[in-house]
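This report goes through a single model, region by region. Definitions are given where each term is first needed.

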Amino acid sequence: MIRTGLGYDIHRLERGSPGKRRRFLLAGVEIPFSKGETGHSDGDALAHAVCDAILGAAGLGDIGEMFPPSEPAWKDADSMALLRKAFARVKQAGWRLVNLDCVVICEKPKVLPYRDAIRNSLAEALEAGIDRIFVKGKTKEGLGPVGKGKAVEVLAQCLIENQG
Ligand code: MG
């Protein structure tokens with residue numbers, strides 16, 4: 001059987017405070033930038049969208065259910081560790097990833113120079129070859145909050161299969 005899953009996330013981009021600099025992370029890969037993602041965890045919007053895509057495809061809920069923001073345990077959590085836990089659940093249910101395709105939308109920074117590092121990071125977490133993972137960077141042409149550089153938005157779509 002095959003199933004598709006769709007994930008979406010948006011996180012605000014802020015400079016943070018001197019004691020707490022926010023980082024701009026995409027699937028655990030840090031892109032040097034003046035602003036970073038805010039959030040209860042480390043704010044990694046791509047990791048979160050991919051979590052929702054794979055959990056949704058397997059019918060296993062969503063990231064908010066699995067890692068509630070009300071739980072102190074997930075404060076400043078490494079989102080790639082959360083993704084590995086989510087994938088372990090999906091794998092335990094008998095699924096493997098066929099492919100994953102993602103769109104990262106932000107005005108800055110440029111995603112392209114980091115694309116293969118991001119693909120590698122996702123491939124490792126999802127136990128798939130890098131050829132099964134793709135990530136595209138887009139801008140919003142200056143439109144809306146994302147276009148004004150106030151947020152990063154991510155779409156993720158996956159296909160999973162099992163032997164059933
Ligand atoms: Mg999120």
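## Basis and terms

Contact here means heavy atoms within 4.5 Å. Helices (H or I, at least four residues) and strands (E, at least two) are DSSP runs, numbered from the N terminus. A residue is called buried under 20% relative accessible area, exposed over 50%, and partly exposed in between, with a 1.4 Å probe and protein chains only.

The model is predicted, so that local features need pLDDT of at least 70 and side-chain atom pairs count only at pLDDT 80 or more, while totals for chains, interfaces and linings use all residues. Residues are numbered from 1 along each chain as its sequence is written, and side-chain values use heavy atoms, with hydrogens and water left out.

## Helix H4 and its surroundings

The buried residues of H4 are Ile 118, Arg 119, Ser 121, Leu 122, Ala 123 and Ala 125, and they pack against strand S4 (25-26), strand S5 (29-30), H1, H3, S7 and S8. Leu 122, taken without residues up to four places away in sequence, touches Ala 27, Leu 46, Val 50, Met 80, Leu 83, Leu 100, Ile 133 and Val 135. After H4 comes Glu 127, which has a positive phi near 50°.

## The nonpolar core

A nonpolar core is a set of buried Ala, Val, Leu, Ile, Met, Phe, Trp, Tyr and Cys residues joined through side-chain atoms within 4.5 Å. The largest one has 48 residues, and those with the most contacts inside it are Leu 46, Leu 100 and Leu 122. At least two residues of this core come from each of H1, helix H2 (63-66), helix H3 (79-92), strand S7 (96-105), helix H4 (115-125), strand S8 (133-138) and strand S9 (151-161). Among these, H1 gives the most, with 11 residues.

## The magnesium site

Donors are N, O and S atoms within 2.8 Å of the metal (3.2 Å for Na, K and Ca), and water is not among the atoms, so sites may look incomplete. The magnesium ion is coordinated by Asp 9 through OD, His 11 through NE2 and His 48 through ND1, at 2.1 to 2.3 Å, and along the chain these donors follow the spacing D-x1-H-x36-H. Asp 9 lies in strand S1 (residues 2-14) and His 48 in helix H1 (residues 45-58), so the pair ties together parts that are 39 residues apart in sequence.

Leaving aside neighbours within four places in sequence, Ala 49 is in contact with Gly 7, Tyr 8, Asp 9, Val 154 and Ala 156. Between Ala 49 and Leu 13, the separation is 36 residues in sequence and 16 Å in space, C-alpha to C-alpha.

## A nonpolar surface patch

Nonpolar patches join the side chains of Val, Leu, Ile, Met, Phe, Trp and Tyr within 5 Å, and like charges are joined within 9 Å, in both cases from residues with over 30% relative accessible area and no salt bridge. Accessible areas come from the Shrake-Rupley method with a 1.4 Å probe, and for residues only the protein chains shown count as cover. Tyr 8, Ile 10 and Leu 155 form such a patch, with about 260 Å² of accessible area together. Tyr 8 has its place in strand S1 and counts as partly exposed, at 41% relative accessibility.

## Salt bridges

A salt bridge is a side-chain nitrogen of Lys or Arg within 4 Å of a carboxyl oxygen of Asp or Glu, and a search of the whole structure finds nine. One of them joins Asp 76 and Lys 20, whose closest N and O atoms are 3.0 Å apart. This pair links distant parts of the chain, with Asp 76 in the loop between H2 and H3 and Lys 20 in strand S3 (residues 20-21), 56 residues apart. Asp 76 is partly exposed at 41%, and Lys 20 is partly exposed at 34% relative accessibility.

Glu 124 forms a salt bridge with Arg 84, at 3.2 Å between the closest N and O atoms. Glu 124 lies in helix H4 and Arg 84 in helix H3, so the pair ties together parts that are 40 residues apart in sequence. Within helix H4, Asp 116 and Arg 119 lie three residues apart, about one turn of the helix, and their side chains meet in a salt bridge of 3.2 Å, N to O. Asp 116 is partly exposed at 44% relative accessibility, whereas Arg 119 is buried, with a relative accessible area of 13%. Arg 21, Arg 23 and Glu 30 are linked in a network of salt bridges.
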